[in-house]
Amino acid sequence: MIIPSPFVYWAQTESAVSLKIELKNVDKPVVKVLENNVKFSALGVGARGESQYEFSLDLFSYVKTGEEQAISLRVFDNRVDLVLQKATRSWWPRLTAQPQKPAWLKINFDLWKTEDGPDSDDEKRDVMKDYPGMYDKLHKEELGYRRGVLKDFKKVYLVLYNLFQFVGFTYVLTVIGIRYIRYGYDSVADTYENVGGAMKFLQLLQYLEVMHPLFGYTRGGVLVPFLQVSGRAFVLFAMIEAESRMHTKPVVFYLFVIWSVIEVVRYPFYISQLYKKEIYILTWLRYTMWIPLYPLGIMCEAIVILRNIPYFEETQKFTISMPNEWNFAFHLPTFLRVYLLFLTVPGMFFVMKHMQRLRAVKLKSKVVIKKSK
């Protein structure tokens, strides 16, 4: 059975550390203080109701023990206050020895003092007035606890994600290439059968790239990646996967090759950016390959949709006819015709303009001004 820990709020002065333990109806708490460790155990009412609560903290530095005045324990109806005297007068950057703090350990802003602030316990002051912005700062930095832990986690996650996608699309491209070398043009018809599953999985993972800006993992907008990923997903799942007669069409082969070539350059470029390494050839490829590949990719997607219109006219798949309980009608072939109007010309213009703007920023030439002697 796991014994829960109560919420503990800490503060310090130059000579003491105070712990406010948020427990109600506590009777005879057990406290054990060593030179750099404090243990607490008591029966009381906390966040999980009436239960046995306990915690153990390895302190940042030493505290006094064995003296009656070194430890102060006061039990109230709604809390327990514990004050420990520091072995040496100094300001601790954090309470615990380890840089990671427990989730139940908080800052007691009612008692908080800083190294350059007044040290009189009797002096009344408004901390928020004396130190504007301190509350937000302490919550963000947690006084000595690693603010970089979350940042490091984000970086590791993004590196692993981009590496996984790079390996995945390299696998797709390698399988297609080996089969083409071995079987020639006859391998084109079996492209979807051999790499379709991998492509679908990689495509679904790309929706994480829509979530990354929302969670602050990457900078940039959400709309553009959402439109790009959703456009591919629509073609892959609704147009190719849903219609078996499209599986053997040569356009699927060309589309998968174009998608994979784009991605095996894009993901290594993102990894290099995470490590702040500027590899010019990689940057140049990332912002140059799109010039021929994006129009070719959009053209292949348009061909897939165009070839599917008579198929969906025949099968009426995804088409909703009236009358029905929703009083709603949807004709997929008509939708595909309208979709093509926006995909081929306005869609291509939007994507190309966006990429041209990025290319101008990333590959802008450096102007060197020479001073005349």
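Start at the hairpin that joins β4 to β5 through two residues. The model on screen is a predicted one.

Select residues 37–46, which are strand β4, together with residues 49–58, which are strand β5. These two strands run antiparallel, and 10 bridges join them. Two of the pairs can be picked out by residue. Click on K39: S56 in β5 stands opposite. Then click on N37, whose bridge partner in β5 is D58.

Which strands make up the open sheet here, and in what order? Three strands form this sheet, in the order β3-β4-β5, with antiparallel pairing. As background, strands of a sheet pair through backbone hydrogen bonds, either parallel or antiparallel.

Now go to the other sheet. Five strands form this open sheet, and their order is β6-β7-β2-β1-β8. The pairing here is mixed. Select 71–75 for β6 and 105–107 for β8: these strands stand at the edges with a single partner strand each, so one side of each has no neighbour in the sheet.

Last, select residues 16–21 for β2 and residues 80–85 for β7. How many bridges join β2 to β7? Six bridges do, and the two strands run antiparallel. To see one of the pairs, click on I21, which stands opposite V80 in β7.

How values were computed:
Residues numbered from 1 in each chain as written. Predicted model: local features only at pLDDT ≥ 70, side-chain atom pairs only at ≥ 80, totals over all residues. Heavy atoms only, no water. Pairing = 2+ DSSP bridges. Helix = DSSP H or I, 4+ residues; strand = E, 2+ residues; numbered from the N terminus.
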